[in-house]
Amino acid sequence: MSPSFKLQCHFILIFLMALRGDSRYPELREAAHHDPFLLLSASLKRELAGEPLYRRALRCLDMLSLQGQFTFTADRPQLHCAAFFIGEPEEFITIHYDLVSIDCQGGDFLQVFDGWILKGEKFPSSQDHPLPTTERYIDFCDSGLSRRSIRSSQNVAMIFFRVHEPGNGFTLTIKTDPNLFPCNVISQTPNGRFTLVVPHQHRNCSFSIIYPVAIKISDLTLGHLNGLQLKKPSAGCGGKGDFVELLGGTGLDPSKMMPLADLCYPFRGPAQMKIGCDNTVVRMVSSGKHINRVTFEYRQLEPYELENPNGNSIPEFCLSI
């Protein structure tokens, strides 16, 4: 498969494969009939910017990046459904139940997950999320409307649902709130600039870019001095309390990705690397003793860069697959 064709197919495949490998949830069988990326259009966002509340029907497999009210009504038994929500990096997502008409006793369900699950992998990973995995699932059939509003811990969230009876369904309102110190982020775009700040908090924060990209780090502030080196089995920053690592892989979970480089000392860049993986992550590990900050720019690699890797890159791991 050529790199250019692989890039074109990547997002479609990742959603067709959503949930595969996670035995707790069904596979999505109707993805080929829908376009889950319709609402990622920047022009559509501009057109709707002045609307008081955007409304539309929710599909069995859907992806939304707009605030608004969304209604799902089954026209036949819909057994394998999910909707993915994504906001800007500096936003939380709130899912509010306006109306729910499902038969929990008959096998229907409606579950919110705090983050995303793709191909059986979670973002944020269990190592990076503030809640244990079991608390990241909120089941309507268990809690009812006692938890009418559910807010995510980062800029992504999703729902799983199954509705057997035609005419049943639910209505949700999706809103966003500002997040002053975003920790775990999935980028909406293949190009951008971001500053990740962890202020005196003992936590790990990951910024995920689901594209092969060139990363340029222009500023890094940490609480100690060490070195920058490619990851080796016997070396790295793992013994330090504060560091940034670059990860690459084909899945979503940063804890299952390949460590490519560690950055263990404060500097003013640029430090640049091309990472030809399907998913690239900038991950900061913080001890809580310092204010840690990293600023980076990223851009999607061109097809010719994937075909002819050179310079500061990792061809043996990602660019060759």
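**View 1. The second largest cavity holds about 50 Å³ of space.** This is a predicted model, in which local features need pLDDT of at least 70, side-chain atom pairs count only at pLDDT 80 or more, and totals for chains, interfaces and linings use all residues. Residues are numbered from 1 along each chain as its sequence is written, and side-chain values use heavy atoms, with hydrogens and water left out. The structure has three cavities of 30 Å³ or more. A cavity is a set of points, on a 1 Å grid over the protein atoms alone, where a 1.4 Å probe fits but cannot get out. Its volume is the space filled by probe spheres set on the points.

View 2. The lining of the second largest cavity includes Leu64, Leu66, Phe85, Ile86, Ile93 and Ile174. Ser65, Gln67, Gly87 and Thr176 also belong to this lining. Lining residues have an atom within 4 Å of a point. Strand S4 (78-86) and strand S12 (169-178) each give two or more residues to the lining. Strands are DSSP runs (E, at least two residues), numbered from the N terminus.

**View 3. Four strands build an open antiparallel sheet.** Their order is S14-S22-S16-S20. Strand S14 (192-199) and strand S20 (267-275) are the edges, each pairing on one side only. From one strand to the next, the twist averages 20°. Two strands pair if DSSP finds at least two bridges between them. Strand S16 (residues 213-221) and strand S22 (residues 291-300) pair over eight bridges. Isoleucine 217 faces phenylalanine 296 of S22 across the pairing.

**View 4. Phenylalanine 207 and phenylalanine 296 form an edge-to-face pair.** Their centres are 5.2 Å apart, with 75° between the planes. Rings of Phe, Tyr and Trp (its six-membered ring) pair if their centres lie within 6.5 Å; planes under 30 degrees apart are stacked, over 60 edge-to-face, the rest tilted. Phenylalanine 207 lies in strand S15 (residues 204-209) and phenylalanine 296 in strand S22, so the pair ties together parts 89 residues apart in sequence. Phenylalanine 207 is buried, at 1% relative accessible area. Phenylalanine 296 is buried too, at 0%. Buried means under 20% relative accessible area, exposed over 50%, partly exposed in between (1.4 Å probe, protein chains only).

**View 5. Ring pairs join Phe194, Phe207, Phe296 and Tyr298 into a cluster.** The structure holds twelve aromatic pairs.

Terms used: 1 Å grid on protein atoms, 1.4 Å probe; cavity = no way out; pocket = protein on both sides within 12 Å on 5 of 7 lines; lining within 4 Å. Axes fitted to C-alpha atoms, helices over the stretch in contact; angles between N-to-C directions.
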